[in-house]
Amino acid sequence: MLALSSSLVVLASLATLVSAQTFRLATYNLRFDSRPDSITVNQSIASIPDPLTQPGFLSKSGEQPWSQRRLYIAERIINEGTAIFSIQEGLVRQVNDLQELLGSGWSFVGVGRDDGKTAGEFSAIFFRLDTVTLRTVDFFWLSNTPDVPSKFPSAGSIRICTAGKFTTSSGTNFTLLNTHLDDQSDDQRKLGGSMILTRARFEAVVNKEPVLVTGDFNSQATGSDSGAYQIVTGALAPVAMNATFAAKFAVPDDSPPFTLLDLREQAPPLLVGRNFATFTGFTAPTDTSQWKRIDFAFGGSNGGWTAGGYKVETSLTDDGVLASDHRPVFADVTL
Ligand SMILES: *[C@@H]1O[C@H](CO)[C@@H](O)[C@H](O)[C@H]1NC(C)=O
Ligand SMILES: *[C@@H]1O[C@H](CO)[C@@H](O)[C@H](O)[C@H]1NC(C)=O
Ligand SMILES: *[C@@H]1O[C@H](CO)[C@@H](O)[C@H](O)[C@H]1NC(C)=O
């Protein structure tokens, strides 16, 4: 009897092992292409210096054109073994360039936030085709009219959320929401946090899926402008949102409470990299006055996931190039 129950336990844990899948998730604000040029991806690749030659250490400073930065970003994403990669601030050229650099093993979903097509910045999600399959994607605007490209009254820009619904290659469904909240309006950030929490809760409760959320919140986890973070983590109540949206993503009244859990806090402490700031600006590490943590990765409190390693990597290389004014955040997630 004992032998029988232990083999059942072994079988049960084997079943869990077989169906679990670990992948590296990243979120990286690319910095929009503020210095466009007509240099092709292949021309950039052809300009890569001899890898055996010592660079001029810290010989460059400030913001380099996207035609250079894209090489550093793609290199980091690929060499880190990333499987799902959320971006912010990508203009259409930038997402197309990344697709070209990452290659045919990857795909992405995203639209320009200004028209729902190609205008303005994408909060896109890139994914490896051997790791996940896309089921559906939809987009909503973090404004009073979520179905159409629209700006919240006091916001600096139009703001969007990309909702990708995926299945891992071992058959687990999950939802990933990716966003970039406003830089000027704390009210917009609170609304955006409330809408994302509402949508995440719907996927958790109604569709019973693990939920991951990535984003540049343009605001920190603590302090006077931390409303969005406080709302998604349950420390503050959500604010009122468009009633049609709220009704569409409502859950039954007796549903358990739902919040987002910060993967930086959920990962084993030993495996949390000691870099903290995710925004550094295009400044040398000797000037930390702008440094702050505003890019996040979360898992839904309904579970279905575990967090492994978590780290914020530098964007600076020996030659002085900063790949972006943000740093990439990496989180290993098991679903
Ligand atoms: C870039 O170079 C690769 C490898 O040589 C080639 O397959 C590809 O067609 C080139 N892309 C363009 C847009 O010319
Ligand atoms: C709520 O959103 C829907 C869909 O975007 C829109 O038709 C409706 O006018 C919005 N309601 C208000 C009060 O703005
Ligand atoms: C995953 O979602 C699809 C619908 O998008 C559904 O048909 C399928 O049964 C789901 N799989 C699991 C394991 O729940």
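Tutor: A residue counts as near a molecule or strand if one of its heavy atoms lies within 4 Å of it. This is a predicted model, in which local features need pLDDT of at least 70, side-chain atom pairs count only at pLDDT 80 or more, and totals for chains, interfaces and linings use all residues, while side-chain values use heavy atoms, with hydrogens and water left out. Residues are numbered from 1 along each chain as its sequence is written, and chains are lettered from A and ligands numbered from 1 in the order in which they are written.

Student: How much of the accessible area of ligand 2 does the protein cover?
Tutor: Ligand 2 is surrounded by Asn144, Thr145, Pro146, Asp147, Asn242 and Thr244. An oxygen atom of ligand 2 lies 3.2 Å from a backbone N or O atom of Asp147, and a ligand 2 oxygen is 2.3 Å from an N or O atom in the side chain of Asn242. Of the 360 Å² that ligand 2 has on its own, the protein covers 48%.

Student: How does the shell around ligand 2 divide by class?
Tutor: Ala, Val, Leu, Ile, Met, Phe, Trp, Tyr, Cys and Pro count as nonpolar, Asp, Glu, Lys and Arg as charged, and the others, Gly among them, as polar. By these classes the shell around ligand 2 has one nonpolar, four polar and one charged.

Student: Which helix gives the most to the lining of the largest pocket?
Tutor: A pocket is an open set of points on a 1 Å grid over the protein atoms alone, with protein on both sides within 12 Å along at least five of seven lines, and lining residues have an atom within 4 Å of a point. The largest pocket is lined by 22 residues, with Ile48, Pro49, Leu71, Tyr72 and Asp319 nearest its centre, and the lining divides into ten nonpolar, seven polar and five charged. Helices are DSSP runs (H or I, at least four residues), as are strands (E, at least two), numbered from the N terminus. Seven lining residues come from residues 66-79, which form helix H3.

Student: What is the volume of the largest pocket?
Tutor: Grid points are joined across faces, edges and corners, and a volume is the space filled by probe spheres set on the points. For the largest pocket this comes to about 670 Å³.

Student: How much space lies in the largest cavity?
Tutor: A cavity is a set of grid points where a 1.4 Å probe fits but cannot get out, and a search of the whole structure finds one of 30 Å³ or more. The lining of the largest cavity includes Tyr28, Tyr72, Glu75, Arg76 and Ala323, and its largest share, three residues, comes from H3. The space in the largest cavity is about 60 Å³.

Student: Is Ser67 buried or exposed?
Tutor: Ser67 lies in helix H3, and a polar contact of 2.6 Å joins its side chain to that of Asp37. Buried means under 20% relative accessible area, exposed over 50%, and partly exposed in between (1.4 Å probe, protein chains only). Because its relative accessible area is 2%, Ser67 is buried.

Student: Is Leu58 buried or exposed?
Tutor: Most residues other than glycine have a negative phi. Phi of Leu58 is near 50 degrees, a positive value, and Leu58 lies in the loop between helix H2 (41-46) and H3. Its relative accessibility is 56%, so Leu58 counts as exposed.

Student: Is Glu89 buried or exposed?
Tutor: Glu89 has a positive phi, near 70 degrees, and lies in the loop between strand E2 (82-88) and helix H4 (92-102). With a relative accessible area of 12%, Glu89 is buried.

Student: What separates the C-alpha atoms of Pro268 and Tyr310?
Tutor: Pro268 is in the loop between helix H8 (263-266) and strand E10 (295-300), and is partly exposed at 35% relative accessible area. Pro268 and Tyr310 are 42 residues apart along the chain, and their C-alpha atoms are separated by 8.6 Å.

Note on methods: A polar contact is a pair of N or O atoms within 3.5 Å; within protein, one must be able to donate a hydrogen and the other to accept it, and residues adjacent in sequence count only if both atoms are side-chain atoms. Accessible areas come from the Shrake-Rupley method with a 1.4 Å probe; for residues, only the protein chains shown count as cover.
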